[in-house]
Structures are given as structure tokens and as C-alpha cells.
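Subject: Structure handover

Hello,

Here is the structure I promised to pass on. Please open it alongside this note. My findings follow below it.

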Amino acid sequence: MNVEIRQMRTAAEQALADAFARHKDRLAKPAAIGALREAAFARFEASGLPHRRVEEWKYTDLRALMREAVPLAAPPDTNERARAREAGRFIDEAGARRIVLVNGVFAPELSDLSDLDPGLTIGALADRLSRADGAVPGAPGALDEDTAVSLNTAFMGDGAVIAVAPGATIGRPLHIVSVVTAASPCAVFARSLVDIGNDAQMTLIESHEGPADLAYQVNSVLQLAAGDKARLDHVKVVREGGRALHIGTLMATAGADAALNTFVFTVGGAVVRNQLAIVLNGERTEAHVGGASLLRGSQHADNTLVVDHAVPHCTSREVFKSVVDGDARSVFQGKIVVRPNAQKTDGKMAAHALLLSESAEADAKPELEIFADDVVCGHGATAGALDGELLFYLKARGIPQKQAEALMIEAFVGEAVEGIANGAVREALMQTVSGWLAARG
Amino acid sequence: MLLEIKNLHVEIDGKKILNGLDLAIEQGKVHAIMGPNGSGKSTLAYVLAGKEDYAVTEGDILFNGESVLDLDPDERAARGLFLAFQYPIEIPGVATMTFLRTALNAQRKARGEGELSTPDFLKRVREAAGKLEINQDMLRRAVNVGFSGGEKKRNEILQMAMLEPRLAVLDETDSGLDIDALKIVSEGVNRLRSPERAFIVITHYQRLLDYIVPDVVHVLSRGRIVKTGGKELALELEASGYAQYQSEAA
């Protein structure tokens, strides 16, 4: 007699298993992808949804936070496509080329695919997945076994596939606009692949949004490979609706002498988990990894990252800031890994939280995992209320309390946003900050 | 009377600092308040500006005949009260120019005046900054961040010049200044002297009063004014020290 040792599935786990079975015909083909999905789903089945006893998910108990799994999103109909037209416009000033994903499905008719810069190609992941030889690159080390990534592999339907040829400088930023416009709760599993050749350069914006009152779920993966001497400026903006669950994963690798800058800005969503796994594979590469979160109500936002110094002479800077109001909770888990041969690594990580209410919470877990002996690495974390002495100084100059607070919050977030290279993007994010502060009253 | 302080009693964390302080200041006058460390000089400055940590247990402060005890610091500022801080605060991420403009427009708004246009504002800032030898680079930098002691104090005077208060309280503005900086700061203050504006110059040392010559000098000890005189009183104090006043007050 067999003994079932794994505990009973939660409703959400059962629903995911049912969905995987129900969509089996579609997901199993072609064979190579089908096998990849099977293996990924088996990993999920073995572990279930991560909970607080799983170290990487300690502060974001997905088993508790994800009470149910909603049905997979159906391909968007005409109305749903039409409603996507205005998505992502908050950052229009950047003049970016729009690549629109509606409910996770690449929508060429809403995207700007004309007059592509020389060396730039844009396609749909669905096309890649439908080919018998349509391989998808595997996840780099840190997230190999991650449950969210496994679920994404099992269910991924579509996304953007972007390639920049070696030596090409793409002057106009690209903007992957991910928008949910469905009328009923649905789950979106999208994956985009971005490949930047040696000596190539690009600015990539990624934004996520959806209806304010819909309990939808997004599991989005961006896989990014930057070649030697490549430069990538990546900014992700999470503006999901107030009931949304968003799990977004960035998996990036960089070659030698490259510059990899990524920033994640979170202002929307009920539960947000931004995972970043960055592997520096080539020497003398510099990575700037930053983020800012503005949270209120009962929002929960988690930035979890692993920056892996796999080779010597690389530099990385990680700076994350969060402003937490109401009953909201901000989580930061950051790890810098320095491999045994990665001498002369220079890594510094900082997380700062500004708590605006008595019930706001910030958890920070910075970690260094160093196996080399000739390195400079450090980390720091702070959490606190607005500085009373500073507030008094501003008020003594005639600036009323709320305005003084706003000025300080703007300055706090501004210091993080300042690191973004593109001025129009910085401007759009600071506008978002102003809007958030105005709504605070 | 521009300012009337009547029988003011102030505590912080249950500790009495001011014990029945009386002070009256007319428009256009410069009053110096001198006293030993711990006599309550800085407390007086903070209480006037409206710092919340201090509890007024008795007495009143009338500014232009109106009690300001229930007013927030920003409301007092808009009515024309200004405190030049002994230790100006650093404000990371807020450019000095932005700070000046935000403060000036907030005060104008509170008084029902319109915002200053950008050219008008810039003209005024450049003029005032130039006189205090504050360059454009300093105006672009975050308020007081990385400023030297002298630069911080000059920045306080710049704020005062821009905000045009009716009563300016200078809290130990001379502390930490070398002689050159002291001259620049004093000249900045003297330029702002006018029949409509009064000053309270709080200092431990007589030196500052060589440059900012007061009309009246008070000695503060153990939370009360124990002696009032003309500018010559400052010189006497320099010679004889504060010991006699401390024992008198005891």
C-alpha cells in the first residue's frame, strides 16, 4: 500500500493541477517543449506553492496569499484588445517603441513594429514555442528550482522575443506593455526573451497594469542575455490593479565589459513579488540593480534578488527603497554571491524603508555569500519614520506638514530613481510619485 | 509691540527650562540675548518657532498682538517669524533652489498672495545669493548636504533674505564661524535691518555683537531674563563672565 506523504493540496494547487491537465493537449506540443513543461510542473507538484518555511519565500507566504488559482486567460477578443490601446501611456514621453501583450498574448496590431532599427528583431514567443525546434533558454542557477518560474515554464503561452544584433545601438527605447483587460479573473503566464549581442545597446521598459477591481494573477518572466561590451538599461514598472497578484521574474546574464542596469518600480498590485536573478559571467562588468516601492492600504511587495558574481573583477550596486503607508508591507531579500574564483569583486547593497504609519512594516534580509578572499563587499539596511528634526526645519520655513512630508518622500524616492539613465523615464516615474503623494492627501 | 513674551514657563521631558521669562520687542530693534550654556537660550528660539517637543506650561507669546502658542511652525513662519538654526539641517535630495522656492511660495499662499513667477524668483535668489557669496553650484546642491559650517550659516541668512521675516531669531549664528565667514554673515544680517524688522540675536560670546550691534542686551540665566541693558552690557559680560548672574538667579 502506498502512503501519501505530501500534505493535501491547497485549493490553488489543485486548481493549477486541474488546469495543467485540462490544457494538456495544447501544452504537450511540440514534444521538446512538452517535456520541458512536464518537468517544470513535476517540480511544482513536488514542492507545492512556497510558504513561509521556504527560506526564499519566508516573508511572502504564497500558499497563504494565493488562496485560489483563477482560470488561464483565454486569447483576448476584439474588445479586450481595444481596451489595451491606452495601456502604458504614462511613460509615452520616453518615445518608446510599444510591444503590447494583452492578457499575456503578443498583439502585433497594437504594437509598433514598423521601421525597426537596423539589427533589431521582434517576434512572438508563441511562434517560437510552436516550432518543433523552438528551444527556450534554461534559467540561470539561482532560480532553476523556483516554483514561480516552474509554473511559468509549465503554462507560458506567449510573450515578446527580442534580439539586438552585435554592434547595434538601438536609439529608441523599447517598451513591453503588459496589460490585462479581461472582464473576469484570469491567470496570465507570459515569458519574454531578450538577447543583446556583443557591443550592442538598448533601453528596455517593461510595464504591467490591469483593471483596478479584478482579482487577476500575473506570472511574468523576462529572460535577458547581454553579450560582451553590451549595455542594457532596463526599467520595470508594476502598476497592477489593486486586487492583482503579480509575480515577475527577471533572469539576466551579462558577458564581459558589459553594463547591466535594471530598476524595478512598484506602485500597484495587492501582492507583488519581483524576483531578480542576475549572473555576471564576464569580467569587468558593472551591474546596477535598483528599485523603489510605494505601498499603501494592505499592499504587499517583495523584492528578492540574487546577484551572482561568477567571475573576477565585476562591480555591482544594489539600492532599494520603499515607502510604506497604511497596513502595507515591504520585503527586501538581497543576496550577493561571490564565487570562489571571483576575486576583486566589488559589491555593495543597501535597502532603505520609510515607514509612514504605525502599522506599516518593512522586512529586510541582505546577505553576502562570499567564497573568494580578495573582495570588497558590504550591505546595509535601514527602516524608520520621517525624520522629525528635518520636518521641523521645513515647517519652520513655512512649509505645511503634508507638503513637507511629500517633499521628503519625493527626495527619498528620487535618490533611487536618479540612477535611471533615461531622463523621460525618470520624469514619468517622479510624476507617478507625485500622483501617489497627491492621493495621500 | 511686535513680540511680547509674558511669564513664559517651558518644560521638555518634564524638565523646566524657562521659568517666567518676560520679553518685549519693538519693530526695527535688535535685541541680543546672552547667557551661559544651559540657560535656556536655544529653548527660547525653538519655542518661538513652535517646536513640538517643548511644553509651554504657563504664560503666552504674542506676535503682533496675536497668541502664537496654538499655531504650527509653518503658520508662525507665514506670519513673519524666522529662526536661523544653530545647527542647520541637511536635506538630502532637495536642491537648495527648490527648497527656497517651495518655502517662499508656501508662505505666500498662506498669506493669500500669488506664487512668484520663475524669472522674479530667480532674480531675487541670484541677487541675495550673490551678496552672501553663495554660488550657483551651492544653490543646485541638496540643502546643506556637504556644506561647510560657514556655508550652512550663510544659507540660513539666504533663506532669511528670501523669506523677509518681520522677526528673525538668530540662534548662535556665530558658532563654528571663522572671522571671514562671521563678517559675511553679519553683513548679510545688517543689510536686512530695517524699521519694519526686528531681530533676536542669541549668542554666548560678545564677538558677534561687534558686527551686529544690538539696541538692547539681555542676560538669560536659569530660564529668566536677569538683566537688561544697552550694548555696553555685552562688553561688561565679556570682561566679567556669567558667574555673578548664575549665582544671582540661584
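One term first: two strands count as paired if DSSP finds at least two bridges between them. Please also keep in mind that this is a predicted model.

**Strand 12 of chain A**

Start with strand 12 of chain A, residues 271–280. Ten of its ten residues are buried, so the strand is largely enclosed by the rest of the structure. In a regular strand, side chains alternate between the two faces of the sheet. Here, Val271(A), Arg273(A), Gln275(A), Ala277(A) and Val279(A) point one way. Val272(A), Asn274(A), Leu276(A), Ile278(A) and Leu280(A) point the other way. All of them are buried.

Strand 12 of chain A pairs with strand 14 of chain A, residues 300–309. The pairing is parallel and runs over ten bridges. In strand 14, Asp308(A) is the bridge partner of Val279(A). Strand 12 of chain A also pairs with strand 10 of chain A, residues 245–254. That pairing is parallel too, over ten bridges. Opposite Leu280(A) of strand 12 stands Ala254(A).

Helix 8 and helix 9 of chain A cross at roughly 125 degrees, and their axes come within 9 Å. The two helices are therefore oblique to each other. The crossing of helix 8 past helix 9 is right-handed. Helix 8 brings Leu390(A), Leu391(A), Leu394(A) and Lys395(A) to the contact. Helix 9 brings Gln401(A), Ala404(A), Leu407(A) and Met408(A). By class, this contact between helix 8 and helix 9 of chain A has six nonpolar, one polar and one charged residues.

Next, helix 9 (residues 401–417) packs against helix 10 (residues 423–440) in chain A. The angle is about 155 degrees, and the axes are 10 Å apart. That makes helix 9 of chain A roughly antiparallel to helix 10 of chain A. Helix 9 passes helix 10 of chain A in a right-handed crossing. On the helix 9 side, the contact residues are Ala406(A), Ile409(A), Glu410(A), Val413(A), Gly414(A) and Val417(A). They meet Arg426(A), Leu429(A), Met430(A), Val433(A) and Leu437(A) of helix 10. The contact of helix 9 with helix 10 of chain A has eight nonpolar, one polar and two charged residues.

**Where the chains meet**

How many residues of chain A are in contact with chain B? There are 16, and they touch 21 residues of chain B. Helix 8 (388–396) and helix 9 of chain A each supply at least two residues of the chain A side. That side divides into nine nonpolar, three polar and four charged residues.

**The sheet in chain B**

Chain B has an open sheet of six strands, in the order 6-9-10-3-11-12, with mixed pairing. Strand 6 (81–84) and strand 12 (224–229) of chain B stand at the edges. Each has a single partner strand, so one side of each is left without a neighbour in the sheet. On average, neighbouring strands of this sheet are turned by 20 degrees against each other, direction ignored.

Within the sheet, strand 3 (residues 30–34) and strand 11 (residues 216–221) of chain B pair in the parallel sense over four bridges. His218(B) in strand 11 is the bridge partner of Ile33(B). Helix 1 of chain B, residues 41–49, lies across strands 3, 6, 9, 10 and 11 of chain B. This helix runs at about 140 degrees to strand 6 of chain B.

Best wishes

Definitions and conventions:
Residues numbered from 1 in each chain as written. Chains lettered and ligands numbered in written order. Predicted model: local features only at pLDDT ≥ 70, side-chain atom pairs only at ≥ 80, totals over all residues. Axes fitted to C-alpha atoms, helices over the stretch in contact; angles between N-to-C directions. Contact = placed C-beta atoms within 7 Å. Buried ≥ 20, exposed ≤ 12 C-beta atoms within 10 Å, placed from the backbone. Parallel < 35°, antiparallel > 145°, perpendicular 65-115°, else oblique. Left-handed = near helix turned anticlockwise from the far one by under 90°. Nonpolar A, V, L, I, M, F, W, Y, C, P; charged D, E, K, R; others polar.
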